Amino acid sequence: LPHHGSDRVGDWQRLCNEAGLNYISPGMSPHEVFKEIKSSHILITEAMHGAIIADAYRTPWIPVKCSRHFSDFKWDDWMQSMGILATVSEIPCHYAGYTNQSFSTKLKSEVKHLLRSIGFRPAHWTPPVPRRSSNAAERKIIDKLKLCRDFPATLSDEKVLADRVERFQEFLVKFAAEFGPNQTCSKR
């Protein structure tokens, strides 16, 4: 399960298929994603929310970092809150190039690549679509995905999870009492 930002620029379905892994798209409906996570033996995920759902379903998970979209701070904060010690493995990011991009996006990106090559990089411009990963880079990604299957999977302690669920339920009761449908909002 890649982060939605990684999924947007790469062809992770094809790479996962070649690595013998089931691909879960972050673009699926939440119901479908939850069903796929729950039925997985182990979840390899760049998406922190995928790890959270997997942990709640007691599906062991392996954290991986594929791109700049991965937030070390958020992952560390969540894992510490759950008492989890896990090593995040790095996988090179995959770029599908202009696959599924509009003609105007392709044209703008090529112009930006050309202008960047001569040193013109206005700060307010969005970056161009990255060019397609090489076959050698794709092979490295596939090999790394295959290796991930053998990494130690992670789960939080049952007691810690039960405590966090109980605390969240208490919060929801207080929230509903203060902001529920029968309450009026007042300025404080």
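**Working chat**

A: Ser25 is in contact with Leu1, Asp7 and Val33, leaving aside its neighbours within four places in sequence; contact means heavy atoms within 4.5 Å. This is a predicted model, in which local features need pLDDT of at least 70 and side-chain atom pairs count only at pLDDT 80 or more, while totals for chains, interfaces and linings use all residues. Residues are numbered from 1 along each chain as its sequence is written, and side-chain values use heavy atoms, with hydrogens and water left out.

Q: Where is Ser25 found?

A: Ser25 lies in the loop between helix H2 (12-19) and H3. Helices (H or I, at least four residues) and strands (E, at least two) are DSSP runs, numbered from the N terminus.

Q: Is Ser25 buried or exposed?

A: Ser25 is buried, its relative accessible area being 15%. Buried means under 20% relative accessible area, exposed over 50%, and partly exposed in between (1.4 Å probe, protein chains only).

Q: What does the side chain of Ser25 reach?

A: It reaches the backbone nitrogen of Gly27, at 3.0 Å.

Q: Changing topic: what is the order of the strands in the sheet?

A: The sheet is open, has three strands in the order S1-S2-S3, and shows parallel pairing. Strand S1 (43-45) and strand S3 (89-90) are the edge strands, each pairing on one side only. Two strands pair if DSSP finds at least two bridges between them.

Q: How many bridges are there between S1 and S2?

A: Three bridges link S1 with strand S2 (residues 61-65), in the parallel sense. Within this pairing, Thr45 stands opposite Pro63, and Ile44 stands opposite Ile62.

Q: Which faces of S2 are covered?

A: Both are: Trp61, Pro63 and Lys65 on one side, and Ile62 and Val64 on the other, are all buried.

Q: What does the chain pass through from S1 to S2?

A: The chain goes from S1 through H4 to S2, a β-α-β crossover that is right-handed. Right-handed means that, with the strands pointing away from the viewer, the path from the first strand over the helix to the second runs clockwise.

Q: And how many bridges join S2 to S3?

A: Two bridges join these parallel strands.

Q: Is Glu90 buried or exposed?

A: Glu90 is exposed, with a relative accessible area of 53%.

Q: What does Glu90 touch?

A: Not counting residues up to four places away in sequence, Glu90 touches Lys65 and Lys144. The C-alpha atoms of Glu90 and Lys144 are separated by 8.6 Å, although the two are 54 residues apart along the chain.

Q: Now the core: how many residues has the largest one?

A: The largest nonpolar core has 17 residues, and those with the most contacts inside it are Ile37, Leu43, Trp61, Trp75 and Trp78. Helix H3 (30-38), helix H4 (48-57) and helix H5 (72-81) each supply at least two residues of this core. A nonpolar core is a set of buried Ala, Val, Leu, Ile, Met, Phe, Trp, Tyr and Cys residues joined through side-chain atoms within 4.5 Å.

Q: Which residues does a second core include?

A: A second, separate core of 15 residues includes Trp12, Ile44, Val64 and Ile91.

Note on methods: A polar contact is a pair of N or O atoms within 3.5 Å; within protein, one must be able to donate a hydrogen and the other to accept it, and residues adjacent in sequence count only if both atoms are side-chain atoms.
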